[in-house]
Amino acid sequence: SSSISSSSSSSSSSSSSEATTVSVAVSGTEGRCLAFVTCELVVTVTKPGVVVAAASELTLSVSGVELPASPAPALRLVHSTPTSLSVTVSLPPMASGTASLALAAPTSPPAPFTASVTVHPQAPAITSVEPSTATAAGGTLVTVTATFLPAVTSAQELSVLLGGASPFTSVSLLWSNDRATSFTAATPAAASTGETTVSVSSSPASAPASAPADAPA
């Protein structure tokens, strides 16, 4: 399935019937581009004013976001007629933001066909808490790894809570980047035994990531 994520238009003639429009549809079940995963787009230009025989005749530029060194955005021609030009674009994994696309051919109108697509941030999540059990008295050293928190440079930028209220102590950052953050911390004393949650947020403020943990007596 797909959904229209953005569109823009440019005029190739003073007549409205000759207007050129550009639309972008995001392929896949999500219906939107997500950060740090490949995003497949279908870009369609109506009344392009140009016909091409292969994708190699087209030039694609992507700006507004930081692209990885590799792979480069990939382009494939779906069809090209005087009334419609359609291509698929594969955007490599990148951070969230707004990607501006410019598609041009050697014989295209004066300005390239342009559109934009939003790359949405991933929801933060805790992927591991080791060990996953601790004593109710507190003081158990655990290693926590969370994905898609804003990257931090020091442990002071992390807020780690047990049960949404009791802060962990002795937080020590192991590593952090845009994709994942890992740190060690000592559990606080728990008011009761049983399963509770560990939540993590980072500064600048982010939606907290959380995961269950046990606090046996």
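Strands (E, at least two residues) and helices (H or I, at least four) are DSSP runs, numbered from the N terminus. This is a predicted model, in which local features need pLDDT of at least 70 and side-chain atom pairs count only at pLDDT 80 or more, while totals for chains, interfaces and linings use all residues. Residues are numbered from 1 along each chain as its sequence is written, and side-chain values use heavy atoms, with hydrogens and water left out.

**Nonpolar cores**

- A nonpolar core is a set of buried Ala, Val, Leu, Ile, Met, Phe, Trp, Tyr and Cys residues joined through side-chain atoms within 4.5 Å; buried means under 20% relative accessible area, exposed over 50% and partly exposed in between (1.4 Å probe, protein chains only).
- The largest such core has 30 residues, and L41, L85, V87 and L91 have the most contacts inside it.
- At least two residues of this core come from each of β2 (19-27), β4 (39-46), β7 (84-91), β8 (97-104) and β9 (113-120).
- Another core, of 15 residues, lies apart from it and includes V142, V160, F168 and V198.
- Leaving out residues up to four places away in sequence, L41 is in contact (heavy atoms within 4.5 Å) with V24, A25, V26, C33, V87, T88, V89, L91, L101 and V117.

**Disulfide**

- Taking a disulfide as a pair of cysteine sulfur atoms within 2.5 Å, the count comes to one.
- The bond joins C33 to C39, with an S to S distance of 1.9 Å.
- The link of C33 and C39 is left-handed, at -65 degrees about the S-S bond, and both cysteines are buried.

**Cavities and pocket**

- On a 1 Å grid over the protein atoms alone, a cavity is a set of points where a 1.4 Å probe fits but cannot get out, and a pocket is an open set with protein on both sides within 12 Å along at least five of seven lines; lining residues have an atom within 4 Å of a point.
- Grid points are joined across faces, edges and corners, and a volume is the space filled by probe spheres set on the points.
- Lining the second largest cavity are V22, V24, V43, L60, V87, V89, L101, L103, F113, T114 and A115.
- β2, β7, β8 and β9 each give at least two residues to that lining, and β9 has the largest share, with three.
- With Ala, Val, Leu, Ile, Met, Phe, Trp, Tyr, Cys and Pro as nonpolar, Asp, Glu, Lys and Arg as charged and the others, Gly among them, as polar, the lining of the second largest cavity has ten nonpolar, one polar and no charged residues.
- The largest pocket has a volume of about 170 Å³, and its lining consists of A35, F36, A95, S96, P121, Q122, F148, L149, P150 and D178.
- By class, the lining of the largest pocket has seven nonpolar, two polar and one charged.

- S182 lies in strand β15 (residues 180-186) and counts as buried because its relative accessible area is 4%.
- Beyond four places in sequence, S182 touches T143, V144, T145, L173, L174 and W175.
- S203 is in the loop between β16 (194-202) and β17 (209-215); its relative accessibility is 41%, so S203 counts as partly exposed.
- S203 and S159 are 44 residues apart in sequence and 8.1 Å apart in space, C-alpha to C-alpha.
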